[in-house]
Amino acid sequence: MSQSSLEVPAAVSFEQAIALTESLLSQIEAGSLSEADIATVISALVKTENGARGFFVTYLTSASSAADSPSAAVVEALRSSPEIVSELLVKNLAMSTAQAIFHRRQQKEDMAKGSEQVSRRTTKLIQLVDLPQVRDRAQQLMQSAKTGEGNYKGFLERWNYDIEQKQAICQALEQIN
């Protein structure tokens, strides 16, 4: 492994995490990393919110087919930071589900398909990591979507999701519980 190119700084920025994840995916596709190296890099990225956000935004939207079939190393690395990872997985599933609806309303089918791909990849990761924290957060988000109150009230208001989007979010979250 080219250690220097995939060295994750302790205070990794969102932008650095994106660049590191792009490099990681390229090296995974090239077959130039061991499973242990992959796990080490991802574990270091998901230790911080910036690192995890950068990892997920890149991994879930990547053209790389590696993101469609996460290896055991990817899954184990994600399990290493259950609080950060579970929060981001639940939010990514909600956001990608709602965005697919938004893009369809704008007649942007390619973008809707991209959002659906993110939703599928996120669902798969959620099923593979199988963290109880994901189920807890999914329940909380569904409660907020149904009642307009609770822990995710601010998240839903910030994105200004309408009734149809909230219903779709609830359906997506119910499928993972």
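This is a predicted model: local features need pLDDT of at least 70, side-chain atom pairs count only at pLDDT 80 or more; totals for chains, interfaces and linings use all residues.
Residues are numbered from 1 along each chain as its sequence is written, and side-chain values use heavy atoms, with hydrogens and water left out. Local features need pLDDT of at least 70 and side-chain atom pairs count only at pLDDT 80 or more, whereas totals for chains, interfaces and linings use all residues.

Two packed helices are described by the angle between their axes and the distance between the axes. Axes are lines fitted to C-alpha atoms, for helices over the stretch in contact. Angles run from 0 to 180 degrees between N-to-C directions. Helices are DSSP runs (H or I, at least four residues), numbered from the N terminus.

Helix H1 spans residues 14-30 and helix H2 residues 35-45. Their axes lie 11 Å apart, at an angle of about 165°. H1 and H2 are therefore roughly antiparallel to each other (angles over 145 degrees; under 35 counts as roughly parallel, 65 to 115 as roughly perpendicular and the rest as oblique). The crossing of H1 and H2 is left-handed. That term applies if the near helix is turned anticlockwise from the far one by less than a right angle; clockwise gives right-handed. On the H1 side, the contact (heavy atoms within 4.5 Å) involves Ala-17, Leu-20, Thr-21, Leu-24 and Ile-28. These residues meet Ile-38, Val-41, Ile-42 and Leu-45 in H2. By class, the contact of H1 with H2 has 8 nonpolar residues, 1 polar residue and no charged residues. Here Ala, Val, Leu, Ile, Met, Phe, Trp, Tyr, Cys and Pro count as nonpolar, Asp, Glu, Lys and Arg as charged, and the others, Gly among them, as polar.

H2 also packs on helix H4 (residues 72-79). The angle is about 30° and the axes are 8 Å apart. H2 and H4 are therefore roughly parallel to each other. H2 passes H4 in a right-handed crossing. H2 contributes Glu-35, Ile-38, Ala-39, Ile-42 and Ser-43 to the contact. H4 contributes Ala-72, Ala-73, Val-74, Ala-77 and Leu-78. The contact of H2 with H4 divides into 8 nonpolar residues, 1 polar and 1 charged.

The largest nonpolar core holds 52 residues. A nonpolar core is a set of buried Ala, Val, Leu, Ile, Met, Phe, Trp, Tyr and Cys residues joined through side-chain atoms within 4.5 Å. Buried means under 20% relative accessible area, exposed over 50%, and partly exposed in between (1.4 Å probe, protein chains only). Ile-42, Phe-55, Phe-56, Leu-78, Leu-141 and Leu-173 touch the most other core members. Helix H5 (residues 82-105) supplies the largest share of this core, with 7 residues. Leaving out residues up to four places away in sequence, Ile-42 touches Leu-24, Phe-55, Val-74, Ala-77 and Leu-78.

The axes of H5 and H6 come within 8 Å and cross at roughly 160°. That makes H5 roughly antiparallel to H6. The crossing of H5 and H6 is left-handed. The contact of H5 with H6 comprises 9 nonpolar, 9 polar and 4 charged residues. Ser-115 is found in helix H6 (residues 109-129). Ser-115 is buried, with a relative accessible area of 9%. Ser-115 touches Ser-96, Gln-99, Ala-100 and His-103, not counting residues up to four places away in sequence.

Two loop residues have positive phi values. Gln-107, in the loop between H5 and H6, has a phi of about 55° although it is not a glycine. At 69% relative accessibility, Gln-107 is exposed. Asp-130 lies in the loop between H6 and helix H7 (132-147). Phi of Asp-130 is near 50°. Asp-130 is partly exposed, with a relative accessible area of 46%.

Arg-53 lies in helix H3 (residues 49-61) and is partly exposed at 34%. The C-alpha atoms of Arg-53 and Ile-18 are separated by 8.4 Å, at 35 residues apart along the chain. Beyond its neighbours within four places in sequence, Arg-53 is in contact with Phe-14 and Leu-88. Gln-16 lies in helix H1 and counts as partly exposed, at 36% relative accessibility. The C-alpha atoms of Gln-16 and Gly-51, 35 residues apart along the chain, are 7.9 Å from each other. Gln-16 touches Pro-9 and Ala-11, not counting residues up to four places away in sequence.
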